[in-house]
Amino acid sequence: MRAIWQDTVLAESDDTIVVEGNHYFPATALRREYFRDSDRHSVCPWKGTASYYDVAVGDHLNPAAAWYYPEPKDAARAVAGRVAFWKGVQVVD
């Protein structure tokens, strides 16, 4: 699977898991040069508190386009160490 935005591969892995329709990539699959820490957070009742990355490609910025759970709840431990995408990031096979 590949996560693509602005014609740029942000992450690539054969080891994604799908939770609620979202592919979660291993954090090691990210091309880190395109990611910046964000101060955004959200809470999922069964997964826990999500943190976000802004995605930056060239002069283009996609705020909070990737998320992860630094300390997922037990029910969501499968997403530990993984990152998912939205906001126009395409995930393709």
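Two strands count as paired if DSSP finds at least two bridges between them. The model shown in these close-ups is predicted.

**View 1. Trp67 sits opposite Ala84 where β7 meets β8.** Strand β7 covers residues 60-68 and strand β8 residues 82-85. The two run antiparallel and are joined by 3 bridges. Trp67 stands opposite Ala84 of β8.

**View 2. An open sheet of 6 strands.** The strand order is β3-β4-β8-β7-β6-β5, and the pairing is antiparallel. β3 (17-19) and β5 (35-44) are the edge strands, each pairing on one side only. From one strand to the next, the twist averages 35°.

**View 3. Glu12 and Arg31 form a salt bridge.** The closest N and O atoms are 3.5 Å apart. Glu12 belongs to strand β2 (residues 8-12) and Arg31 to the loop between β4 (22-26) and β5, so the contact ties together parts 19 residues apart in sequence. Glu12 is partly exposed at 43% relative accessibility. Arg31 is also partly exposed, at 35%.

**View 4. Asp15 pairs with Arg82 in a salt bridge.** Their closest N and O atoms lie 3.1 Å apart. Asp15 is in the loop between β2 and β3, Arg82 in strand β8, and 67 residues separate them. Asp15 is partly exposed, with 42% relative accessibility. Arg82 is buried, with a relative accessible area of 12%.

**View 5. Lys47 and Glu20 meet in a salt bridge.** The N to O distance is 2.5 Å. Lys47 lies in the loop between β5 and β6 (48-57), and Glu20 in the loop between β3 and β4, 27 residues apart. Lys47 counts as buried because its relative accessibility, 4%, is under 20%. Glu20 counts as exposed, at 55%.

Technical notes: Residues numbered from 1 in each chain as written. Predicted model: local features only at pLDDT ≥ 70, side-chain atom pairs only at ≥ 80, totals over all residues. Heavy atoms only, no water. Helix = DSSP H or I, 4+ residues; strand = E, 2+ residues; numbered from the N terminus. Axes fitted to C-alpha atoms, helices over the stretch in contact; angles between N-to-C directions. Salt bridge = Lys/Arg side-chain N within 4 Å of Asp/Glu carboxyl O. Buried < 20%, exposed > 50% of the residue type's maximum accessible area, 1.4 Å probe, protein only.
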